[in-house]
Amino acid sequence: MAGSDDPRQSFQEAMNLIEVASPAPATARRFMGTRAAYLPGSDLKLGGIELPRPHKAAFGGHVYAQSALAACRVWTDLENQKGTQPSDKLGLHTIHGYFTAMGVSALPFIYDVTPLTASRTLGTVSITARQPSVPSTNPANDFFPPADAALPLADPCFVAICSFKLAEPHSAGVSMQEDPPQTRFASILSSRSSPQAWPPAPPVDIDAMVAMAGNQQVGWFPAVDMKKVDMTGYNEGKPVHERRELMLYRLLRPLPLEAPWDANAHVLVHAFAADRNGLLMTANHVGFGWSVGKVASVSNSFVVHVDAAQAVMGDDDDGWWVQEASFPRAGSGRGIVMNKIWSPRGVHVATEYQDGLVRSFEEREERPEKGKL
């Protein structure tokens with residue numbers, strides 16, 4: 001776990017939500033995030049000097065995870081109001097989100113949450129996220145006060161539907177998965193003395209940026225400590241769709257299973273971390289690592305394959321979780337990253353499937369080909 005002097009925010013700090021006055025219709029509840037979203041690249045340094053901020057776009061995983069957190073709060077309240085027994089409560093099952101406009105870190109995200117359907121085994125909730133169209137009332141552009149919720153709002157920047165599912169036993173005892181990365185890549189993973197020995201995940205995982213800034217910068221990414229495994233040898237000579245990237249991660253600070261931070265919140269730590277650098281790595285593998293023009297999420301789906309309780313992250317002794325990223329398709333100015341989430345014990349807990357813009361600032365034909373799909 002991170003020390004007390006580590007400036008990186010815990011998941012609880014980064015995702016802090018307050019409920020604010022709800023607009024019509026009365027079926028919706030409104031929440032506001034109080035902390036500025038992480039700004040990728042704002043933590044890059046060259047020779048110990050911070051680099052100019054290249055953009056204003058907030059880390060997409062912030063609105064993605066926080067919107068689902070707001071949905072979880074509403075769903076939990078509905079179950080508590082009905083007196084649902086613990087064994088009958090539903091766990092977070094899927095998040096299907098769409099990024100409709102750029103979000104910025106200098107403004108709070110405001111969420112309108114509406115329950116859609118509810119049955120004994122499945123429920124759905126919709127979320128619409130907006131940001132104020134004028135500056136925050138806090139000139140520091142962080143620690144957003146409740147007054148910001150009354151500011152005029154811009155059009156939605158993100159919309160999502162979350163589903164909640166009852167935990168059920170395996171049908172006829174059947175449960176199958178492929179061999180975990182801890183087995184398939186055992187020789188690579190064991191080539192370092194410990195997971196700690198791998199370099200930190202780059203703040204901006206673009207070939208050109210890593211070449212300039214080095215691969216030892218930790219940055220300010222919240223919630224998790226994340227390492228990147230060197231898969232260069234494994235990927236050499238393989239077509240892009242057969243290549244893999246492995247990330248090892250664990251909580252920066254404990255996330256206790258105390259209201260409102262339940263097992264669903266732990267699921268959202270995985271969703272938050274899975275959004276990091278995936279499309280940037282796609283750009284690297286299709287040959288845009290030195291000519292990236294634009295990378296941005298369009299849609300992101302996260303599916304939990306187990307009971308939410310199996311996604312709970314323990315302390316340091318619990319081991320490191322694994323993200324296994326692959327890149328099955330690129331074309332039409334977009335790329336796909338598929339990210340499998342594996343527990344320290346080798347259980348395939350969840351899968352992320354993200355589609356986004358992946359574009360070069362120069363024509364593909366003008367550059368040597370680095371890989372084929």
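Modeller: For the classes used below, Ala, Val, Leu, Ile, Met, Phe, Trp, Tyr, Cys and Pro count as nonpolar, Asp, Glu, Lys and Arg as charged, and the others, Gly among them, as polar. By that division the lining of the largest pocket has 30 nonpolar, 12 polar and 3 charged residues. The model is predicted, with local features requiring pLDDT of at least 70 and side-chain atom pairs pLDDT 80 or more, whereas totals for linings use all residues. Residues are numbered from 1 along each chain, and side-chain values use heavy atoms, without hydrogens and water.

A pocket here is an open set of points on a 1 Å grid over the protein atoms alone, where a 1.4 Å probe fits, with protein on both sides within 12 Å along at least five of seven lines; lining residues have an atom within 4 Å of a point. The largest pocket holds about 1100 Å³ of space, the volume being that filled by probe spheres set on the points. Its lining comprises 45 residues, and His55, Ala57, Leu280, Val295 and Ala296 lie nearest its centre.

Helices (DSSP H or I, at least four residues) and strands (E, at least two) are numbered from the N terminus. Two or more lining residues come from each of α2, α5 (207-213), α8 (278-285), β11 (292-304) and β14 (348-360). Strand β11 gives the largest share, 6 residues.

Of these elements, α2 (residues 60-82) also meets α7 (residues 263-274): their axes, lines fitted to C-alpha atoms over the stretch in contact, come within 9 Å and cross at roughly 165°. Helix α2 is therefore roughly antiparallel to α7, the term for angles over 145 degrees.

Methods. Axes are lines fitted to C-alpha atoms, for helices over the stretch in contact, and angles run from 0 to 180 degrees between N-to-C directions. Angles under 35 degrees count as roughly parallel, over 145 as roughly antiparallel, 65 to 115 as roughly perpendicular and the rest as oblique.
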